[in-house]
Each structure stands twice: as C-alpha cells, then as structure tokens.
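Please keep the model open beside this note. The points below take the whole chain before single residues.

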Amino acid sequence: MRRGVAPVERVSAPQKTADQAASTEGMSAVSMPDAGGSAPVDSDRVARIRGAIESGTYPLVPTEIAEGIIASGLFQNSGE
C-alpha cells in the first residue's frame with residue numbers, strides 16, 4: 001500500500017436502468033474524438049480495466065486522480 005493513502009472500501013458498481021444504458025450507448029459515438037483509425041488501443045488492457053471497474057476491484061487513488069486532473073489542465077480556475 002502506498003504511504004498516505006487510506007484503504008478504500010469495495011462497493012458494487014451502480015446498476016443502469018434500460019433507459020440509462022440506451023442513452024449512454026448512443027453517446028459514445030458523439031463524445032469520442034475521431035482518431036482517424038490510427039490510434040493504437042490495447043484491447044486486452046481495456047477489457048481488464050472495464051472488468052475491474054464493473055467488479056469494483058479497480059484501485060482508485062484520489063490523490064493520483066486529482067494530480068492527473070490538475071496536470072491535464074481540466075481543472076481551471078474560472079475566476080468566480
């Protein structure tokens with residue numbers, strides 16, 4: 001375990017209703033940027049990560065998530 005990180009309790013993934021599943025399936029075509037078919041994707045790794053998220057075993061470290069958001073510039077000070 002990493003220093004300074006509290007253990008996290010496992011939780012089950014939220015279950016989607018049929019309406020939610022249908023609306024989010026259609027969103028992927030709209031929200032995904034077009035990489036021109038040339039972006040390398042490790043399908044096995046994607047499948048393993050999805051499985052871990054669905055089973056609730058994917059390790060989430062809040063400080064690493066926050067650092068990634070800050071480093072990517074997604075968290076901007078709006079000045080308000």
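1. The protein chain has three helices and zero strands. Helices (H or I, at least four residues) and strands (E, at least two) are DSSP runs, numbered from the N terminus. Read along the sequence, the pattern is α-α-α.

2. This is a predicted model, in which local features need pLDDT of at least 70 and side-chain atom pairs count only at pLDDT 80 or more, while totals for chains, interfaces and linings use all residues. Residues are numbered from 1 along each chain as its sequence is written, and side-chain values use heavy atoms, with hydrogens and water left out.

3. The average pLDDT (the predictor's confidence in each residue, from 0 to 100) is 74 for the protein chain, and 48% of the residues score at least 70. Confidence is lowest in helix H1 (residues 18-31), with a mean of 55, and highest in H2, with 94. Where pLDDT is low, the predicted coordinates should not be read in detail.

4. Of the 80 residues, 2% count as buried. Buried means under 20% relative accessible area, exposed over 50%, and partly exposed in between (1.4 Å probe, protein chains only).

5. Tyr58 is found in the loop between H2 and H3. Its relative accessible area is 37%, so Tyr58 is partly exposed. Leaving aside neighbours within four places in sequence, Tyr58 is in contact (heavy atoms within 4.5 Å) with Ile49, Ala52 and Ile53. Tyr58 and Arg48 are 10 residues apart in sequence, and their C-alpha atoms are 9.5 Å apart in space.

6. Leu60 lies in the loop between helix H2 (43-55) and helix H3 (62-72). Leu60 counts as exposed because its relative accessibility is 54%.
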